[in-house]
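This report walks through one protein chain.

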Amino acid sequence: MDINFRFAIVSDLHIALPHTIWDHPSRFHLVEVSIPAFESVLEHLTQLDLDFLLIPGDLTQHGEPENHAWLANRLSQLPFPVYVIPGNHDVPVLSANEQSIGFADFPHYYRKFGYENPHQPYYNCQILPGVRLIGLNSNTFDEDGKQIGRLDQQQFQWLETELAKINNDLVLVMVHHNVVEHLPNQSNHPMANRYMLENAPELIKLLRKHGVRLVFTGHLHVQDVACGDGVYDITTGSLVSYPHPYRVLEFERDHLGKEWLQIVSHRVESVPDFPNLQESSKQWMGDRSFPFLIKLLTLPPLNLPLIQAQQLAPDLRDFWATIADGDAVIDYPNFPLEVRRYIQKYSAVTHTGHPSPIDNNSKLLLGNWELGIGNW
């Protein structure tokens, strides 16, 4: 059957009411703009003929009950359906404490937004005729209460059962942690692996088995489109981090069965207290980049001496902002050859080294690897 629909993605909102904002000198998140930026996005989206909105996690600053309540109320006022999942910031603790809600509390706040069964932290719902959305929970806790990005075995069994029952419906999957690598060797890099789902290969294998091609993620705070084993992971940058992006997408399946996904990205350019948000946000990120860059340069695989890292780091001030922007082409010809080649790996290029600017605006023929999806 022919299927055509339009939807939007806004990710990692980190909603923080003014009196709840807590600061840290090295945070990249500009949570001060969370609410005005979201309102700006909603002003645009409500003018479009949207079928639904997806928010793939980190809805709040750090799981504060007031921020969850504010967001749930605001979403209930929108003229289109909204579907959410929890990010690591939404359920940072297993049991509620003086700051954050408990893990089991999350679905109760969002019963109107996917969680018809509030006793289960994941769901499968029909969102349009012939279209299903599976919202997964990638937040688990070990015996010491430490949060881990992983699907537990019970959820895996549920997912396999649900997928096996679906016949001809198009299935979309939303999960907070990345399931396909968006950065070089992301699964094993000591700084980047925490953004990956620990058991991503098992999930990819299961999705591929059942013909699921589209996964929508957040968490990494970058604009990127990647593909692994025929599964496309479209991750969307954070609304409170440069470049403050969001996406409008259109899916089309024609009478021959060909499937297309058109992606158009937008940015919040200005909010009342930050009239030049793009410029000031990039400056904010650059001002806080030095400790991050020192780690990147001194940890594997580069393992540079601290003195050399300190010399190179100032030139990389806008490195992460460039990655977050999407469609990056990066080169530092004056760097030592080993470092230069490593940094080049973060560019959005095909296997053959040609630029592939598809992270922000593109039309993907699903299943066509020749498009050069991803940063390789």
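## Terms and model

Buried means under 20% relative accessible area, exposed means over 50%, and partly exposed lies in between (1.4 Å probe, protein chains only). This is a predicted model, in which local features need pLDDT of at least 70 and side-chain atom pairs count only at pLDDT 80 or more, while totals for chains, interfaces and linings use all residues. Residues are numbered from 1 along each chain as its sequence is written, and side-chain values use heavy atoms, with hydrogens and water left out.

The chain is divided into domain 1 (3-267) and domain 2 (282-345). These bounds come from an automatic or database domain assignment. Taken over C-alpha atoms, the domain centres are 28 Å apart. Domain 1 brings 20 residues to the contact and domain 2 brings 19. Contact here means heavy atoms within 4.5 Å.

About 1700 Å² is buried between domain 1 and domain 2, and carbon and sulfur atoms give 71% of that area. Buried area is the accessible area (1.4 Å probe) that two parts lose on being put together, summed over both. On the domain 1 side, F28, M191 and Y242 lose the most area to domain 2. Together they account for 42% of what that side buries.

One salt bridge is counted between domain 1 and domain 2. A salt bridge is a side-chain nitrogen of Lys or Arg within 4 Å of a carboxyl oxygen of Asp or Glu. R267 and D325 meet in a salt bridge through their side chains, at 2.3 Å from N to O.

Eight residue pairs are in polar contact between domain 1 and domain 2, with both residues at pLDDT 80 or more. A polar contact is a pair of N or O atoms within 3.5 Å; within protein, one must be able to donate a hydrogen and the other to accept it, and residues adjacent in sequence count only if both atoms are side-chain atoms. The side of domain 1 that touches domain 2 has 11 nonpolar, six polar and three charged residues. Ala, Val, Leu, Ile, Met, Phe, Trp, Tyr, Cys and Pro count as nonpolar, Asp, Glu, Lys and Arg as charged, and the others, Gly among them, as polar.

## Salt bridges in the whole structure

The whole structure holds 11 salt bridges. Side chains of opposite charge can pair when their charged atoms come close. R74 pairs with E39, with the closest N and O atoms 2.9 Å apart. The pair links distant parts of the chain: R74 sits in helix 2 (residues 65-75) and E39 in helix 1 (residues 34-45), 35 residues apart. Helices (H or I, at least four residues) and strands (E, at least two) are DSSP runs, numbered from the N terminus. R74 is buried at 17% relative accessible area, while E39 is partly exposed at 28%.

E162 and K165 form a salt bridge at 3.2 Å, N to O. They are separated by about one helical turn because they lie three residues apart in helix 4 (residues 153-165). E162 is buried at 14%, but K165 is exposed at 55%. R340 and D331 form another salt bridge, at 2.7 Å from N to O. R340 is partly exposed at 25% relative accessible area, and D331 is partly exposed at 36%.

## Backbone geometry

A cis peptide bond joins Y242 and P243, with omega about 5°. P243 lies in the loop between strand 11 (231-235) and strand 12 (245-253). Another cis peptide bond joins P300 and P301, with omega about 10°. P301 belongs to the loop between helix 7 (290-298) and helix 8 (306-312).

D12, not a glycine, has a positive phi near 50°. D12 is in the loop between strand 1 (3-9) and helix 1, and is buried at 0% relative accessibility. D229 is not a glycine either, and its phi is positive at about 55°. D229 sits in the loop between strand 10 (224-228) and strand 11. D229 is exposed, at 55%.

Where does N360 lie? N360 is in the loop between helix 10 (337-344) and strand 14 (362-365). N360 is buried, at 11% relative accessibility. Its side chain makes a polar contact of 3.0 Å with the side chain of Q223. The N360 side chain also reaches the backbone oxygen of D325 at 2.9 Å. Neighbours within four places in sequence aside, N360 contacts residues including R247, I263, V264 and G326.
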